[in-house]
Amino acid sequence: MTQGVDIKKVGFISLGCPKALVDSERILTQLRAEGYHIAPTYEEADTVIVNTCGFITPAVEESLSAIGEALDATGKVIVTGCLGERPETILERHPKVHSITGSQDVEGVMDAIHELIPPDTNPFTSLIPDTGVKLTPKHYAYLKIAEGCNHKCAFCIIPKLRGLQVSRDAGEVLYEAFRLIASGTKEIMVISQDTSAYGVDIRHRESEFQGGQVKAHLIDLATKLGEMGAWVRMHYVYPYPHVDEVVKLMAEGKILPYLDVPLQHASPKVLKAMRRPGAGKQLETIKRWRDICPDLAIRSTFIVGFPGETEEDFQLLLEFLREARLDRVGCFTYSDVEEADATRFADQVPEEVKQDRLERFMAVQQEISLERMQEKIGRVIEVIIDDYNEEPGQLIGRSKWDAPGIDGSVMCVHGELAESEAARAIPAGSIKIGDIVRVLVEDADEYDLYGEIIEVLPWKPNVPMLGHFGKH
C-alpha cells in the first residue's frame with residue numbers, strides 16, 4: 001500500500017435469504033472495484049451499509065435492531081434491501097439514517113457511499129478478482145437467475161418489495177457460472193423466487209453462450225450447467241410439469257438429486273386461502289419424481305397456524321408428512337407481514353395453538369427424518385468438505401442431499417481416528433476444505449450422517465481453469 005493513502009473502510013451487515021446475499025455480493029464487489037475496504041468491526045468503519053430483510057415481522061425487527069446498533073456505533077448508516085422498500089418503517093424508528101434504497105439498487109447504495117466518503121481513485125487498490133467479492137466460501141456459490149415473483153400468495157409481499165419476475169438471459173447466467181467454476185467453485189446453487197418460472201417473462205428468448213444460442217428456460221439452463229462438471233443444486237422449485245425433465249437430469253447424474261420445493265401446506269382449503277399453486281397434487285407429483293429418480297432428496301418448508309387453519313387441516317398436513325416422507329423439512333408458525341393480505345383475514349390462530357402445532361409437526365418429521373437418514377447407513381456417498389472439526393482427521397461435510405446452512409452435515413474421519421484400512425491410509429491433514437471425498441456411512445441421527453473417508457476424488461471441472469470467459 002502506498003504510504004499516505006487514505007483507506008476508506010465500509011462496514012457491511014447482510015441479513016435475509018440467499019437472494020439477498022447475492023445482492024450483498026454485488027454491492028461489495030462494486031465497493032472493492034472503487035477501492036473501498038471492508039471494515040471487520042464498527043470501530044474501523046467510516047460508515048455501515050445494512051442490507052435488510054422485510055419478509056416477516058421477526059425479520060423486520062432484526063433489520064431495525066441491526067440498523068440501530070450500527071447507528072449507535074458509527075452514526076453513519078446506509079440502508080438497502082427489502083425493508084428499504086418501506087422507508088417509512090425505517091424512518092419511524094431511525095430518522096437519522098443517512099439514506100435508504102430498495103433491493104437490488106447497487107447504484108443507489110454507491111451514490112450514498114460517494115456522498116459520505118468519496119472513492120479512492122488509486123488504480124492499484126481497485127483490482128478485484130474476475131468473480132467479484134463472494135460472501136460464501138470459495139468452494140460453493142449462489143447463482144441468482146431471476147428477481148421478483150409473479151405469485152400473489154396471501155402471506156407474502158415479495159412482489160411488492162422486489163417487483164414482478166425479471167429473468168436474466170441464459171448466456172449471462174452461464175458465463176457467470178463458468179467464471180465461478182473456473183476460479184475453483186465446486187458447487188453452484190441456483191436460486192430465484194420461483195426457479196421453475198425462469199424465462200417466462202422474457203418469453204424464453206435465446207442468448208449467446210460460447211458461440212451457440214441457449215434458451216432462457218430451466219431445462220436448457222440446467223442442461224448446460226450440468227455439463228460444467230460442478231455440483232448443481234436447485235432451490236425454490238415450484239412443482240410445474242416441466243420439472244419432470246429437470247428430475248430426469250438428476251437421474252442421469254448431470255445435476256444433484258435435490259429439489260427445494262416450497263409446499264407451505266397440504267390442506268386444500270389452507271392452500272387455497274394462501275393462494276398457492278398446485279393445491280392437492282403434491283403427493284402425486286412427489287411419487288412421479290421419485291419414480292424418475294429414486295435417489296432424489298426433497299426439501300420443503302411449511303407454515304402452521306395460518307388464519308383459518310383448523311385441527312382437521314393440521315391433521316391433513318401431518319398425514320401428508322407421513323405419506324410423502326420428505327427428506328428435509330422446515331416449519332414456521334404463521335407471522336403477520338405488514339401489507340400482506342393474510343394479515344386482514346378472519347379466524348387468526350392463537351399463538352399457543354401455533355406453537356403446539358409446530359412442536360407436533362416437528363415431532364412427526366423428526367421420526368421420518370431419522371428413518372430416511374438411517375436408510376443411508378452402509379452406503380458409500382460423495383461428500384464435499386465444508387470445515388475442519390475439533391481434531392486432525394475430523395471433518396465436516398455435506399452430501400449431495402444437503403444444502404449449506406439449512407440441511408444436515410456429514411461428520412467424517414480419516415487417518416488414525418478411522419478404523420477401516422482405506423480411511424487410515426489417508427493421512428490426517430491431507431484433505432482440504434472444498435475437497436470432494438467418498439464416505440462410508442456408518443451411523444445416522446435425525447439430521448446428520450457419520451462415517452469414514454475412504455477416497456479423495458479428483459476435481460475435474462469441464463471448464464478451462466482461468467481460461468477465456470467469453471464476452472460476458
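## The barrel

V437 stands opposite V456 in β20. Strand β19 (residues 436–444) and strand β20 (residues 449–456) run antiparallel and are joined by 7 bridges. Strands are DSSP runs of E with at least two residues, helices are runs of H or I with at least four, and both are numbered from the N terminus. This is a predicted model, in which local features need pLDDT of at least 70 and side-chain atom pairs count only at pLDDT 80 or more, while totals for chains, interfaces and linings use all residues. Residues are numbered from 1 along each chain as its sequence is written, and side-chain values use heavy atoms, with hydrogens and water left out.

The barrel is closed by 5 strands in the order β16-β17-β18-β20-β19, with mixed pairing. On average, neighbouring strands of this sheet are turned by 50° against each other, direction ignored. Two strands pair if DSSP finds at least two bridges between them.

## The open sheet

Another 5 strands form an open sheet with parallel pairing, in the order β2-β1-β3-β4-β5. At its edges are β2 (37–38) and β5 (99–100), each pairing on one side only. Strands β1 (residues 9–14) and β3 (residues 47–52) run parallel and are joined by 5 bridges. In β3, T47 is the residue opposite V10.

Helix α2 lies across β1, β3 and β4 (77–81) and runs at about 180° to β3. Helix α4 (residues 106–116) also packs on the sheet, where it touches β1, β3, β4 and β5, and its direction makes about 175° with that of β4. Contact means heavy atoms within 4.5 Å. Axes are lines fitted to C-alpha atoms, for helices over the stretch in contact, and angles run from 0 to 180 degrees between N-to-C directions.

## The residue G229

G229 is found in the loop between α7 (218–226) and β12 (231–234). With a relative accessible area of 35%, G229 is partly exposed, because that term covers values between buried (under 20%) and exposed (over 50%), using a 1.4 Å probe and protein chains only.

Leaving aside residues up to four places away in sequence, G229 touches W459, K460, P461 and N462. The C-alpha atoms of G229 and A20 are separated by 26 Å, and the two residues are 209 residues apart along the chain.
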